[in-house]
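Here are my notes on this one, jotted down as numbered points. Have the model open while you read.

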Amino acid sequence: MELTNYCTGCGLRRTEISDSCPNCGYAFSSPYRAEDISPKSFGTAVALCGVFGLAGIHHFYLGNILHGIFDLALLIAALFLMDSYDKMLALLGGLLLLIDFCHTGAVMYLLFTGKTVDGRGRLVVYPGQLQ
Ligand SMILES: [Zn+2]
């Protein structure tokens, strides 16, 4: 599918995700503009999430740097605490790891349902999502 940033009917620059042109009423073939779609690869994002998901590497790939740092810190804190001799701290570490697991699963779910956005707010689409 061809995505355009300009209206085919009147040439006006499209400023938002919309089914039709607010100026001339032209019905777009897709509500998304080319600039709404992330150039990042869905396959790469899924692979990174699957292999390094707990460390948040896929967030760095997609440009969500702060989110990546948070995930990485969560994993490091979890592993550090789990290594503790204090049973309560070790338990807390396990809990953090469990949270990281659930978070990674949720991120994977969002990827496969086409609801993930990159660091610049552009949608990461799965193959065939826009057809
Ligand atoms: Zn128009």
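1. Start with helix H3 (residues 65-82) and helix H4 (residues 87-112): their axes come within 7 Å and cross at roughly 150°. Those axes are lines fitted to C-alpha atoms, for helices over the stretch in contact, with angles running from 0 to 180 degrees between N-to-C directions. That crossing makes H3 roughly antiparallel to H4 (angles over 145 degrees count as such).

2. Who makes the contact? From H3 come Asp71, Leu74, Leu75, Ala77, Ala78, Leu79, Phe80, Leu81 and Met82, and from H4 come Leu89, Ala90, Leu92, Gly93, Gly94, Leu96, Leu97 and Asp100. Contact here means C-beta atoms, placed from the backbone, within 7 Å. H3 passes H4 in a left-handed crossing, that is, the near helix is turned anticlockwise from the far one by less than a right angle.

3. A word on what you're looking at: this is a predicted model, where local features need pLDDT of at least 70, side-chain atom pairs count only at pLDDT 80 or more, and totals for chains, interfaces and linings use all residues. Residues are numbered from 1 along each chain as its sequence is written.

4. The protein chain has 4 helices and 0 strands, running α-α-α-α from the N terminus on. Helices are DSSP runs (H or I, at least four residues), strands are E runs of at least two, and both are numbered from the N terminus.

5. Now Asn64, which sits in the loop between helix H2 (57-61) and H3. Buried or exposed? Asn64 counts as buried because it has 20 C-beta neighbours inside 10 Å; the cut-off for buried is 20 or more other C-beta atoms within 10 Å, with C-beta atoms placed from the backbone. Leaving aside residues up to four places away in sequence, Asn64 touches His59, Asp118 and Gly119. Ala45 is 19 residues from Asn64 along the chain, and their C-alpha atoms are 12 Å apart.

6. Across the whole protein chain, buried residues make up 17% of the 131 residues. Among contacts between residues at least 6 apart in sequence, 40% join residues at least 24 apart.

7. On overall shape, the C-alpha trace spans about 70 × 20 × 15 Å along its principal axes. The radius of gyration is 20 Å, whereas a compact globule of 131 residues would be near 14 Å (taken over C-alpha atoms; the globule rule is 2.2 Å times the number of residues to the power 0.38).

8. Finally, the domain assignment gives domain 1 (1-37) and domain 2 (42-112), with bounds from an automatic or database assignment. The centres of domain 1 and domain 2, taken over C-alpha atoms, are 38 Å apart.

Note on methods
A residue is buried if 20 or more other C-beta atoms lie within 10 Å of its own, exposed if 12 or fewer, and partly exposed in between; C-beta atoms are placed from the backbone. Two residues are in contact if their C-beta atoms, placed from the backbone, lie within 7 Å. Angles under 35 degrees count as roughly parallel, over 145 as roughly antiparallel, 65 to 115 as roughly perpendicular and the rest as oblique.
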